[in-house]
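Subject: Structure handover

Hi,

Here is the structure I promised to pass on. Please open it first, then read my notes below.

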Amino acid sequence: MADDDRPQRAEGTPHDPLKQATEPVQPEPAEEAGQGRIRYQDPEHTTAREPTLAEKRARVAAEKRRDEQHRAEREAAARKTQKRRRIMIGGGATVGVVALVAAMYSASEISNQANASEQYCATEQSGQPGTRDQDQNCDENYVNSHQGYTSGGMFFMPIFLPGGGIGGYNSYRYAYTPAGVSAPPVGSPASGSSFNRPSGSTIKDTTGKTVQRGGFGISSKTGSGGS
């Protein structure tokens, strides 16, 4: 104890109450600068934030653009399908018309061939076909090369005399059978035939070659020989 009979304070303890009250309190250590706190939200218990007016408008505009794009795609697909259908229908119609014309032409051609008139060389007797002769006697090149001649669709072959010289001429013309009738054999009478060429009918020679094609709107093509 001290001399004034007051107890002595422990060393290091404040003995001035005023001084003890005014001494600064040491702050707790602060968090280091630049460090923040991470807040975790529980999706099951966190309430979603209400979108703002701008966000709502942006969402509506985006949905509108998406709907317009889908509508434009559907309309384009519909136009494409309609165009394809029209092309197919038009193509089918064209093919159908072509097939019909081809079928009609084939049928007409078969009919024309079956009903063709046959051209052959015949002698002339009083302006009418007499008998069938060799077809070469109605060939201009052959006749000219054998001292004969042609005139007005008629062919004249010389008649050679036994002692030489020409004793006249035999006359020949192309004769035509009725439709569908074949030419008579050489030396046979040309009965039923005519020197008039049939108009618009198919005409074949005795070898089967078409001399004149007729029927189904096809213009006639005249072959060699006269009428």
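**A patch on the surface**

Tyr149, Phe160, Ile166 and Tyr169 make a nonpolar surface patch of about 390 Å². A patch of this kind takes residues with over 30% relative accessible area and no salt bridge; nonpolar side chains (Val, Leu, Ile, Met, Phe, Trp, Tyr) are joined within 5 Å, while like charges are joined within 9 Å. Accessible areas come from the Shrake-Rupley method with a 1.4 Å probe, and for residues only the protein chains shown count as cover. Tyr169 sits in strand β5. With 38% relative accessibility, Tyr169 is partly exposed. The cut-offs are these: buried is under 20% relative accessible area, exposed is over 50%, and partly exposed is in between (1.4 Å probe, protein chains only).

**Before you go on**

This is a predicted model: local features need pLDDT of at least 70, side-chain atom pairs count only at pLDDT 80 or more, and totals for chains, interfaces and linings use all residues. Residues are numbered from 1 along each chain as its sequence is written, and side-chain values use heavy atoms, with hydrogens and water left out.

**The overall layout**

The protein has three helices and seven strands. Their order from the N terminus is α-α-β-β-α-β-β-β-β-β. Helices (H or I, at least four residues) and strands (E, at least two) are DSSP runs, numbered from the N terminus. Of the 227 residues, 19% count as buried. The protein exposes about 17,200 Å², and carbon and sulfur atoms supply 52% of that area. Now take contacts, meaning heavy atoms within 4.5 Å. Among those between residues at least 6 apart in sequence, 47% join residues at least 24 apart.

**The cores**

Which residues make up the largest nonpolar core? There are ten: Cys121, Cys138, Val143, Phe155, Met157, Tyr172, Tyr174, Tyr176, Ile203 and Val211. Strands β4 (154-160) and β5 each supply at least two residues of this core. The largest share, three residues, comes from β5. By definition, a nonpolar core is a set of buried Ala, Val, Leu, Ile, Met, Phe, Trp, Tyr and Cys residues joined through side-chain atoms within 4.5 Å. In soluble globular proteins, nonpolar side chains tend to be buried together.

Look at Tyr172 in particular. Leaving out residues up to four places away in sequence, Tyr172 touches Cys121, Ala122, Thr123, Asp133, Asn137, Cys138, Gly153, Met154, Phe155 and Met157. Another core, of six residues, lies apart from the largest one; Tyr120, Ala122, Ala175 and Ala190 are among its members.

**Salt bridges**

How many salt bridges are there? The count is three. The rule asks for a side-chain nitrogen of Lys or Arg within 4 Å of a carboxyl oxygen of Asp or Glu. Side chains of opposite charge can pair when their charged atoms come close.

- Arg173 pairs with Glu124, with the closest N and O atoms 4.0 Å apart. Arg173 is in strand β5 (residues 166-176) and Glu124 is in strand β1 (residues 117-125), so the pair ties together parts 49 residues apart in sequence. Arg173 is buried at 14% relative accessibility, while Glu124 is partly exposed at 23%.
- Asp135 pairs with Arg132 at 3.7 Å, N to O. Asp135 is partly exposed at 26%, and Arg132 is buried at 12%.
- Glu50 pairs with Lys56 at 3.6 Å, N to O. Glu50 is exposed at 56%, and Lys56 is partly exposed at 38%.

**A buried threonine**

Find Thr177 in the loop between β5 and β6 (203-204). Thr177 is buried, with a relative accessible area of 5%. Its side chain reaches the backbone nitrogen of Glu118 at 2.9 Å. The Thr177 side chain also reaches the backbone oxygen of Val181 at 2.6 Å. Beyond its neighbours within four places in sequence, Thr177 is in contact with Ser117, Glu118, Tyr120, Ser182, Ala183 and Ser193.

**Two backbone angles to check**

Most residues other than glycine have a negative phi, and most peptide bonds are trans. Ser126 is not a glycine, yet it has a positive phi of about 60°. Ser126 lies in the loop between β1 and β2 (128-132) and is exposed at 80%. Gln147, also not a glycine, has a positive phi of about 65°. Gln147 lies in the loop between α3 (140-145) and β3 (149-151) and is exposed at 51%.

Best wishes

Key
Polar contact = N/O pair within 3.5 Å; in protein donor to acceptor, adjacent residues only side chain to side chain.
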